[in-house]
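Here is a friendly walk through a few side-chain and helix contacts. Please have the model open as you read.

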Amino acid sequence: PSPKTPEEWELIETALRKNEHLQAMLMQDEARASAMIEVAWKESVAAGTCLITEGDLVADYLYVVQDGSFDVFQADEEEEATAPKSAEGASEAGERIGYRHKGDIFGELALLYLAPRAATVKARQDSTVWIIDRLNFKKIMMTVSDQKVQEYVTYLNRVEILNSLLIEEKKAVADALVEMHFKKGEIVLQEGEPGTTFYILYEGEVGVSKGGVEQTRLTASKSRGEARFFGERALLNNEVRAATIMV
């Protein structure tokens, strides 16, 4: 980790809290946000450097822009298949879909959802970023209170395939759970993809589709003590996802 001035600390904290994918998990958790900032380190990035390459499965870092700016590119499927690669490994084709400036975050999606990089991010000019690595990110996000662990155990008690676990084993599973928030229209699971995660839906509604056709909907309510589960069979049996789950 790098030392931080009060101004730098505030910049990172504001960036984390305003990010739509992280704010719900950090808004009410001062300790978790502070831990994220503590482990961040600063690096200089030369103009033209690609920090993230679209489609890359090695997604180990989240970035907060301290100074400078970055272009965000995304290629369509045809361009991605035929485009030449640059020296940095990024496709030279692709449409510029956005920018990242001082106080912005990028790279968090792949860390949150264990997914390939969704876009290429390239420095427009000499820039400076703060970096948080996957190991620390996951460790911090997995830190939950005893009260939360007990709440999660209550949900796990309703999962039939986990009935054989001892209470201490269920607590260990509960301690490893990471709370995630999805917006309407977001895909949680994609049919045909490898199964690496198990989900407990305890608030909201999702649709279950096979072959592009919705089969059913799952609804959960924390206030009514209703929870739904999905993703466990692909995880346990090393199978691909049997359906797509969309909010």
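Rings of Phe, Tyr and Trp (its six-membered ring) count as a pair if their centres lie within 6.5 Å; planes under 30 degrees apart are stacked, those over 60 are edge-to-face and the rest are tilted. Trp-41, Tyr-61, Tyr-63, Phe-70 and Phe-106 form one aromatic cluster.

Before going further, a word on the source: this is a predicted model, in which local features need pLDDT of at least 70 and side-chain atom pairs count only at pLDDT 80 or more, while totals for chains, interfaces and linings use all residues. Residues are numbered from 1 along each chain as its sequence is written, and side-chain values use heavy atoms, with hydrogens and water left out.

**Aromatic pairs**

The structure holds seven aromatic pairs. A pair of aromatic rings is described by the distance of the centres and the angle of the planes. Two of the pairs are set out here.

| Pair | Centre to centre | Angle between planes | Arrangement |
|---|---|---|---|
| Tyr-61 and Tyr-63 | 6.5 Å | 55 degrees | tilted |
| Phe-182 and Tyr-199 | 6.4 Å | 65 degrees | edge-to-face |

Helices (H or I, at least four residues) and strands (E, at least two) are DSSP runs, numbered from the N terminus.

How accessible are these rings? Buried means under 20% relative accessible area, exposed over 50%, and partly exposed in between (1.4 Å probe, protein chains only). Tyr-61 is partly exposed at 34%, whereas Tyr-63 is buried at 6%. Likewise, Phe-182 is partly exposed at 24% and Tyr-199 is buried at 11%.

**Two packed helices**

Helix α1 (residues 6-18) packs against helix α3 (residues 30-39) at an angle of about 125 degrees, their axes 10 Å apart. Here, axes are lines fitted to C-alpha atoms, for helices over the stretch in contact, and angles run from 0 to 180 degrees between N-to-C directions. The two helices are therefore oblique to each other; angles under 35 degrees count as roughly parallel, over 145 as roughly antiparallel, 65 to 115 as roughly perpendicular and the rest as oblique.

**A strand residue**

Ile-187 sits in strand β9 and is partly exposed, at 42% relative accessibility. Ile-187 and Ile-245 are 58 residues apart in sequence, yet 6.0 Å apart in space, C-alpha to C-alpha.
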